[in-house]
Amino acid sequence: MTVSEFNKCIDDYSDGIYRFILKNCKDENIAKDIVQDSFEKFWLKKNDIQKGKEKSYLFTVAYHTFIDYKRKEKENKKLNEIEEKNYCDTNQYNDIQEQLHKALDLLPEIQKSVLLLRDYEGYSYQEIAEITLLNESQVKVYIFRARKFLQQYIGSIEQLL
């Protein structure tokens, strides 16, 4: 990989990786650091990466760098499944996007990550499995549970409007 090809990857993928990490960590500086670390790791392995797999590799590295950060931040906390409860927000404020972000923040990190990769970034189940080192069935289960929780949390759209 040449320097110009590397720079093209930065131009093409840095914004998407930044948005993905920022949605997960909610801290601009941490997100920037993770993106920078991801591209540094990418540069060090540039000769080992198959042509056409750059985007997938970068998202994989960014995801794992984020997980490492979370593990350091919360050393003894495990990524637990959310208890199945009926969450309800009784506020009369109807900003749907704000409600969705609030609901996303309540999800366990793994569910939030796979849901964002699928619905915001448009990855297939197989690609998400490769990025997160889960099998495809686990990815589908986490996405299903996340969507089910969001549906219960938000309720029907008519209640928000």
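Helix 5 and helix 7 are roughly perpendicular to each other (a label for angles of 65 to 115 degrees). Their packing angle is about 95 degrees, and their axes lie 8 Å apart; axes here are lines fitted to C-alpha atoms over the stretch in contact, with angles from 0 to 180 degrees between N-to-C directions. Helices are DSSP runs of H or I with at least four residues, numbered from the N terminus. On the helix 5 side, the contact (heavy atoms within 4.5 Å) includes I110, V114 and L115, while helix 7 contributes residues including V139, Y142 and L150.

A word about what you are looking at: this is a predicted model, in which local features need pLDDT of at least 70 and side-chain atom pairs count only at pLDDT 80 or more, while totals for chains, interfaces and linings use all residues. Residues are numbered from 1 along each chain as its sequence is written, and side-chain values use heavy atoms, leaving out hydrogens and water.

Now turn to helix 2, residues 28-44, where you will find I34. I34 counts as buried, at 3% relative accessibility; buried means under 20% relative accessible area, using a 1.4 Å probe and protein chains only. Beyond its neighbours within four places in sequence, I34 touches I21, A62, T65, F66 and Y69.

Helix 4, residues 96-106, has buried residues too: Q99, A103 and L104. They line one face of the helix, because seen down the axis they fall within an arc of 140 degrees, taken from the directions from the helix axis to the C-beta atoms.

The whole structure has 0 disulfides (pairs of cysteine sulfur atoms within 2.5 Å).

Terms used: Helices (H or I, at least four residues) and strands (E, at least two) are DSSP runs, numbered from the N terminus. Angles under 35 degrees count as roughly parallel, over 145 as roughly antiparallel, 65 to 115 as roughly perpendicular and the rest as oblique. Buried means under 20% relative accessible area, exposed over 50%, partly exposed in between (1.4 Å probe, protein chains only).
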